Amino acid sequence: LQGIFVLGLPYALLHSGYSGLLLIVLAAALCCYTGKILIACLYEEHEDGQLVRVRDTYEDIANACCKKLSPSLGGVVVNVTQVVELIMTCILYLVASGNLLSHSFPYVPVTEKTWSVIAFVTLLPCIFIRTLKIVSKLSQLCSLVHFVIIFVVITYCLTQMHQWSWAKFRLSLEFEDFLVSVGVIIFSYTSQIFLPTLEGNMKNPGEFRCMLNWTHFFACILKTTFALTAFLTWGEKTKEVITDNLPSFLETLVNLCLLTKALLSYPLPFFAATEIVYSCVSKDNHSNYRSPLLALTVRGSFLLLTLLMAMFTPHFALLMGLSGSVTGAAMTFLLPSLFHLKLKWEKLSFLEKCADISVFILGFLCSLAGIVCSIKGLLEIFG
């Protein structure tokens with residue numbers, strides 16, 4: 001899920017300067033922290049002092065927090081938020097696929113929307129995905145393609161070291177441009193939606209915190225290196241998607257790799273969204289499809305929905321930014337910190353309470369700023 005955002009990091013540095021480097025590190029630390037406190041909400045301390053996993057999903061955590069108000073209100077809110085974010089992500093991959101195919105084969109007389117339909121046809125087998133194992137294998141391939149893309153871009157940038165200059169970094173910042181950079185950097189790390197399922201499927205869940213630390217550490221190093229080398233290479237000419245700066249022969253190669261990555265990335269959010277909806281409809285175990293027809297109907301409906309929205313939603317990028325500012329910030333910062341405070345208040349130290357409150361405020365400000373910028377952009381377009 002992080003690949004497309006990563007390609008925008010050099011552009012984020014263009015608008016955030018030195019502060020962007022600090023933001024990449026800070027975002028890694030914050031997202032790692034909210035991932036840990038979210039998983040902590042799945043556990044309660046037993047009488048003998050041992051932690052016992054009493055909840056399985058984000059929905060269970062929300063219901064536990066809102067049980068006095070309504071037994072299922074919290075779960076409904078979380079599920080709707082998750083499904084909206086996941087479906088918007090799927091649509092983004094379809095739109096990106098059409099755009100990449102259009103740029104890769106500019107001489108073919110086919111519109112971008114038609115290319116999106118062609119990409120959609122290759123995704124039809126997603127209807128038959130029943131287990132997380134298949135999705136994980138596709139995600140592994142996706143990661144390999146991602147590293148190929150990063151390797152190609154960094155290697156090219158290293159060949160241009162002779163023109164690097166730290167003078168390219170900006171000291172003065174424009175507030176709105178800086179907010180765009182904050183959004184790109186923060187949401188390049190988001191993965192909280194998948195963490196409860198991931199932790200529950202680990203052979204040794206006790207290693208989850210260590211895994212989260214190392215993955216965010218290496219992600220931070222990789223993203224900082226990538227963003228820095230690319231920005232030092234192109235400076236003020238850095239484009240929104242850094243691959244557009246590459247020479248034509250490399251751009252086509254990387255675009256095809258990006259297309260492969262987009263198509264391989266699609267099954268994960270698609271599977272997660274359909275699992276949520278199916279579990280709500282069937283009120284059964286998430287992975288136990290006792291009604292194959294219902295499961296196929298849910299998956300087929302969602303697959304068709306992503307295509308229709310990709311084809312007919314105008315100004316999708318701005319709408320994605322608007323929904324992402326609400327759902328992304330909520331799932332990454334607002335809800336994990338709020339749930340942790342609610343469920344663990346009596347056992348938290350003063351510093352832990354301050355940390356959770358600070359994360360909540362930061363998430364609220366990021367969400368508010370993103371909403372304002374997105375609405376402003378939509379108003380300018382619709383005039």
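This is a predicted model: local features need pLDDT of at least 70, side-chain atom pairs count only at pLDDT 80 or more; totals for chains, interfaces and linings use all residues.
Arg53 itself counts as partly exposed, at 25% relative accessibility. Arg53 also forms a salt bridge with Glu199, where the closest N and O atoms are 2.9 Å apart. This second pair links distant parts of the chain, since Arg53 belongs to strand β2 whereas Glu199 belongs to helix α9 (residues 195-200), 146 residues apart. Glu199 is buried, because its relative accessible area of 2% falls under the 20% limit.

A search of the whole structure finds 4 salt bridges. One of them joins the side chains of Arg55 and Glu44, with an N to O distance of 2.9 Å. Here too the pair links distant parts of the chain, 11 residues apart: Arg55 sits in the loop between β2 (51-53) and α4 (58-65), and Glu44 sits in strand β1 (residues 43-45). Arg55 is buried, with a relative accessible area of 11%, whereas Glu44 is partly exposed at 24%. Through salt bridges that share partners, Glu44, Arg55 and Lys344 are joined into one network. In general, side chains of opposite charge can pair when their charged atoms come close.

Leaving out residues up to four places away in sequence, Tyr266 touches Cys90, Tyr93, Leu94, Leu123, Cys126, Leu303 and Thr306.

Ile221 has its place in helix α10 and counts as partly exposed, at 44% relative accessibility; its C-alpha atom is separated by 18 Å from that of Ser181, which is 40 residues apart from Ile221 along the chain. Thr238 lies in the loop between α10 (208-234) and α11 (248-265), and Thr238 is buried, with a relative accessible area of 4%. A polar atom of the Thr238 side chain lies 2.7 Å from the backbone oxygen of Gly235. Beyond its neighbours within four places in sequence, Thr238 is in contact with Pro10, Tyr11, Leu14, Ala230, Phe231 and Asn245.

As for confidence, the mean pLDDT of the protein chain is 83, and 90% of its residues reach 70 or more. Over residues 284-289, however, pLDDT stays under 50, and for this stretch the model has 12 contacts beyond four places in sequence.

Methods. Residues are numbered from 1 along each chain as its sequence is written. Side-chain values use heavy atoms; hydrogens and water are left out. Contact means heavy atoms within 4.5 Å. pLDDT is the predictor's confidence in each residue, from 0 to 100. Helices (H or I, at least four residues) and strands (E, at least two) are DSSP runs, numbered from the N terminus. Buried means under 20% relative accessible area, exposed over 50%, partly exposed in between (1.4 Å probe, protein chains only). A polar contact is a pair of N or O atoms within 3.5 Å; within protein, one must be able to donate a hydrogen and the other to accept it, and residues adjacent in sequence count only if both atoms are side-chain atoms.
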